[in-house]
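Colleague: I'm new to this one and would like to be walked through it slowly. Could you put it up on the screen before we start?

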Amino acid sequence: MNPPILCSLRNGETAVCSQESGVSFEQFRTLLGKGIEAGHRLSALFVVPDDSFDGARLVAVLARPMSGDLQMIGCAVGSSYPALTPGIPAAHWFEREIFEQWGIRPEGHPWLKPIRFQPPRSRSGGRPSLLLPTVGVTEFFRVEGEDVHEVAVGPVHAGVIEPGHFRFQCHGETVYHLEISLGYQHRGIERAVGEGNSPRMRHYIETLAGDSTIGHATAYCRVLEGLAGVRPSPRAEAVRMIAAELERLANHIGDLGAMAGDVGFLPAASYCGRIRGDVLNLTAELCGNRFGRGLIVPGGTGFDLDQTLESELKRRLDDIEADALSAIEQLFETPSVLARFDGVGEVSESLARQIGLVGVAGRASGLPCDVRSEFPYGFYQFVHVPVCTWGTGDCLARALVRRMEIQQSFAAIRALLQSLPADRSPPAVMTLAPRRWVASLTEGWRGEICHVAATDDEGQLAFYKVVDPSFHNWFGLACAMRDQLISDFPLCNKSFNLSYCGHDL
Amino acid sequence: MFDILKARLKQKYRTLSYPKGPPPPLPARFAGRPVIGGRPCDTRCRRCADACPVGALQREEGQFPTLDTGKCLFCRECPGVCPTGAISFTREFRLAASSRERLTVTADSQGIPPVRHEIAATIFRRSLKLRQVSAGGCNACEADTNVLTTLAWDIGRFGIQFVASPRHADGLLITGPVTRNMQLALKKPTTRYRLRNS
């Protein structure tokens, strides 16, 4: 299952495994560097064990918005290689992951520390090493000097949220540097999925990040559908899109409410918290589960809509929209709220591009990155959802992008419900083609979700790679906190609202 | 100010009347507590156990299957493959049990197992402080736990509150399968509690 050397693929299209040794490392580095310079995005960078010798292949998936395709590049590497990060900062988290997972050292990486504290993987496929790393034990970056102090938070936080460790280097109230150390949520999902086609895998993917069930399940199903050469029916694609936009609505509304709560504006916080639940209940009407579990299945959808449910959804959507827009309007018409959002936690467009921000955070910094319009998949090929960007990259921008996307999602769902395709064909049986590679991108509510998979000679999944948008964006949160007040951290954190388990896998 | 008040009126009073009033309507496709039996079951057939992706369904030769709701994902594969309809999911949403064994549904299970403990109810009456720790939770449990504190459910009405420290808490709510990396962080606050499994 050696990766293809150099090929361009449409989103979800497969490529045949290559028998050749790949491009040279110099070529690999030049291709990536030039691509990033030309405005492409590094969607994934990872290592796969080599078939033939005790080496490994370094594989990059470059998303090229201008041509609307994905470029997959493979090259052979030994136990170390010159780090890409100094020239391509967006690679830094990926290279740390590569070093942690496979022990392949990117020489000259400025920040080579574990990201998940997971046991190393064995290239020969045997048992992993028994030397387990201790979570959170690493050399943290430190600022020295008189009156400089360190604030350590987590892994267990005060609220009902997931665990993660944050270390602030402060001078008075001002944060000079924030280091984020994760891995507490590592369950080993990526590896389990890469080891076979068990029926349990779909459920693993659905809980990869529970709030992005639809986003990840769609990416996974599109991987399998690509490998099997199966196309879901247009109706199934439309239902998937409704589910994806409901997921976006629920989370965006919830996030605006949480941001309101963090600046002490309780009316919007209370309303949005409730309205978020109402949107989740619409997803529950579709499939019985508020997070959409069981709705997206390989080949189609697990549930369909009938006439009654269609009109019920339309009616409830109207009520929810009226309530949500009125609650959000309160938020943006209250000067004290705007004053707290404005200019806090800025990430400039050039920095966002350099470190490879995706999704809401990227768009808030002015990057027009949105898989739905750049690499359309499923029903997004037929329905265009406008890309909402803002330029200032602060908390206000991230709130405004959410507000605009909420309006777009309401409109998109309503349009879909008005004209659902009529055919009702059941999901097809999946037989995966052997020796193939596939890369599938979807736009989850946080941003770009990338799944890459390969099959072996028997057509079993032999390799699986997941890149959650949080993987790209956690470092953006750290950058946003520079020179900010430590008391603004909760607000900045909510404005990104990244996933711990989606990162830790 | 006037606009805020106007919006307040528009948003109405939304706190549920449950448990005094009726429970909120459940979605039509909701799957609640499973029941086994009521219909004949071909005791040599293994289709349900084979269809279960997580091994929650156990099948002893010659007996009705048992379903461990502690493992069950409510994916509803089993009723779909059962030829006689001996397994079905009801709309009963009360799934809690006071012991691990009682989470398992068998053909002999009678109704909903009681979880209310009279002594505990007296001690914690209108004041139960809980500490939540996520240890590999996928953020769905966390999200729905947070929903309980929103104005619709408002568990604060019953004196139940999620607090910031185990020192302030009467009990612990753990979400997730407990990852290796969370073992230590979970043990530290839990030493305050005597963990019981009875």
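Modeller: Before the strands, one term: two strands count as paired if DSSP finds at least two bridges between them. Please also keep in mind that this is a predicted model.

Colleague: Switching to the two chains together, how much area do chain A and chain B bury between them?

Modeller: Chain A and chain B bury about 3800 Å² between them, and 54% of that is on carbon and sulfur atoms. In terms of contacts, 55 residues of chain A meet 44 residues of chain B.

Colleague: Which residues of chain A lose the most area to chain B?

Modeller: Those are A:Val160, A:Tyr271 and A:Arg274, which together account for 18% of what the chain A side buries.

Colleague: How many salt bridges does the rule find across that interface?

Modeller: The rule finds three salt bridges across the interface of chain A and chain B. In a salt bridge between side chains, B:Asp144 meets A:Arg290 at 2.9 Å, taken from N to O. For polar contacts, the count across the interface of chain A and chain B is 22 residue pairs, with both residues at pLDDT 80 or more.

Colleague: Where does the chain A side that touches chain B come from, in terms of helices?

Modeller: Helix H4 (201–206), helix H7 (266–287) and helix H8 (307–332) of chain A each supply at least two residues of that side, and the largest share, eleven residues, comes from H7(A). Sorted by class, the side of chain A that touches chain B has 27 nonpolar, 14 polar and 14 charged residues.

Colleague: Back to salt bridges, what's the count over all chains?

Modeller: By this rule the count over all chains comes to 43 salt bridges. A salt bridge also joins the side chains of A:Glu448 and A:Arg41, at 2.7 Å from N to O. This pair links distant parts of the chain, since A:Glu448 is in strand E14 (residues 448–455) of chain A and A:Arg41 is in strand E3 (residues 41–49) of chain A, 407 residues apart.

Colleague: Now chain B on its own, what order does its open sheet of three strands have?

Modeller: The order is E2-E3-E5 in chain B, with antiparallel pairing, and the edge strands are strand E2 (57–58) and strand E5 (104–105) of chain B. Strand E3, residues 66–68 of chain B, is joined to E5(B) by two bridges, and B:Leu67 has B:Val105 as its bridge partner in E5(B).

Colleague: Last one: is the peptide bond from B:Tyr18 to B:Pro19 cis or trans?

Modeller: The peptide bond from B:Tyr18 to B:Pro19 is cis, with omega near 10°, and B:Pro19 lies in the loop between helix H1 (2–11) and strand E1 (34–36) of chain B.

Technical notes:
Residues are numbered from 1 along each chain as its sequence is written. Chains are lettered from A and ligands numbered from 1 in the order in which they are written. This is a predicted model: local features need pLDDT of at least 70, side-chain atom pairs count only at pLDDT 80 or more; totals for chains, interfaces and linings use all residues. Side-chain values use heavy atoms; hydrogens and water are left out. Contact means heavy atoms within 4.5 Å. Buried area is the accessible area (1.4 Å probe) that two parts lose on being put together, summed over both. A salt bridge is a side-chain nitrogen of Lys or Arg within 4 Å of a carboxyl oxygen of Asp or Glu. A polar contact is a pair of N or O atoms within 3.5 Å; within protein, one must be able to donate a hydrogen and the other to accept it, and residues adjacent in sequence count only if both atoms are side-chain atoms. Helices (H or I, at least four residues) and strands (E, at least two) are DSSP runs, numbered from the N terminus. Ala, Val, Leu, Ile, Met, Phe, Trp, Tyr, Cys and Pro count as nonpolar, Asp, Glu, Lys and Arg as charged, and the others, Gly among them, as polar.
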